[in-house]
Amino acid sequence: MSLLVRRGLAAMGAAALVAGIGTTPAQADEVLWGIGPSPVQPGGQIHVSMRAWAGGCAPGTPVTSPGLVAPIKWQGEAGNFPSYTGTGTVVKKPGKYVATFTCQSGKKASATFVVAGTPAPDPTPTPAKPKPTAKPKPQVAVKPKGAPQTGGGEQ
């Protein structure tokens with residue numbers, strides 16, 4: 001990822017964190033980070049961002065969640081105010097998920113995000129009742145009784 005793209009993502013993530021737009025703030029004490037957008041479309045991209053000076057946390061592990069296809073690895077940018085960003089793909093199953101990671105100091109951070117859509121119904125199938133077999137209907141309403149009723153009577 002180019003330096004320009006990383007700076008853009010970091011700035012966008014930091015602005016979103018400050019404004020509270022497009023991200024869900026973290027729930028852990030003293031660790032300020034964001035994950036968003038939330039809700040996100042099934043199979044869509046989700047972004048994480050944080051500033052190391054905001055809570056004294058430098059990421060020690062990738063962001064993990066049952067709602068992610070794979071863990072999100074942090075990309076860092078050195079400097080006086082280091083920032084970290086990352087991008088990942090969410091699962092296709094709608095629902096509310098918790099994302100977590102651990103700081104190098106041992107602090108744990110978590111935040112929730114939502115994969116849009118209606119959760120799938122219970123996969124337990126309802127057994128179908130067998131259809132009763134019907135007796136075949138006669139082809140002719142009145143059965144013939146003899147020769148005169150079966151034809152023209154000619155010989």
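**Walking through a predicted model**

Let me start with one residue. Pro94 is buried, with a relative accessible area of 14%. Buried here means under 20% relative accessible area, exposed means over 50%, and partly exposed is in between, with a 1.4 Å probe and protein chains only. Pro94 sits in the loop between strand 5 (83-89) and strand 6. Its C-alpha is 5.4 Å from the C-alpha of Ala116, although the two residues are 22 apart in sequence.

Some ground rules. This is a predicted model, where local features need pLDDT of at least 70 and side-chain atom pairs count only at pLDDT 80 or more, while totals for chains, interfaces and linings use all residues. Residues are numbered from 1 along each chain as its sequence is written, and side-chain values use heavy atoms, with hydrogens and water left out.

Now the whole chain. The protein chain has 1 helix and 7 strands. Along the sequence, the pattern reads α-β-β-β-β-β-β-β. These are DSSP runs numbered from the N terminus: helices are H or I with at least four residues, strands are E with at least two. The chain has 155 residues, and 32% of them count as buried. The accessible surface comes to about 10700 Å², and carbon and sulfur atoms account for 60% of that. That area comes from the Shrake-Rupley method with a 1.4 Å probe, and for residues only the protein chains shown count as cover.

What share of the contacts between residues at least 6 apart in sequence join residues at least 24 apart? The share is 56%. A contact means heavy atoms within 4.5 Å.

Next, the core. The largest nonpolar core has 25 residues. Trp33, Val63, Phe101 and Phe113 have the most contacts inside it. Strand 2, strand 3, strand 6 and strand 7 each give two or more residues to this core. Strand 7 gives the most, with 4 residues. Such a core is a set of buried Ala, Val, Leu, Ile, Met, Phe, Trp, Tyr and Cys residues joined through side-chain atoms within 4.5 Å. In soluble globular proteins, nonpolar side chains tend to be buried together.

On to the aromatics. The whole structure holds 4 aromatic pairs. One of them is Trp74 with Phe101, edge-to-face, at 5.1 Å centre to centre and 65° between the planes. Trp74 lies in the loop between strand 3 and strand 4 and Phe101 lies in strand 6, so the pair ties together parts 27 residues apart in sequence. Both Trp74 and Phe101 are buried. For pairing, rings of Phe, Tyr and Trp (its six-membered ring) need centres within 6.5 Å; planes under 30 degrees apart count as stacked, over 60 as edge-to-face, the rest as tilted.

How many disulfides does a search of the whole structure find? It finds 1. Cys57 is joined to Cys103, with an S to S distance of 1.8 Å. Distant parts of the chain are linked here: Cys57 is in the loop between strand 3 (45-51) and strand 4 (75-77), Cys103 is in the loop between strand 6 (95-102) and strand 7 (108-115), and the two are 46 residues apart. A disulfide is a pair of cysteine sulfur atoms within 2.5 Å. The torsion about the S-S bond is about -105°, so this disulfide is left-handed. Cys57 is buried at 1% relative accessible area, and Cys103 is buried at 3%.

Now the loop between strand 2 and strand 3. Pro37 lies there, with strand 2 spanning 33-36. A cis peptide bond joins Gly36 and Pro37, with omega about 5°. Pro39 lies in that loop too. Ser38 and Pro39 are also joined by a cis peptide bond, with omega about 10°.

Gln41 belongs to the loop between strand 2 and strand 3 as well. Is Gln41 buried or exposed? Gln41 counts as exposed, at 56% relative accessibility. Leaving out residues up to four places away in sequence, Gln41 touches Val90, Val115 and Ala116.

Last stop, Ser65. Ser65 is in the loop between strand 3 and strand 4. At 12% relative accessibility, Ser65 counts as buried. Beyond its neighbours within four places in sequence, Ser65 is in contact with Tyr97, Val98, Ala99 and Phe113.
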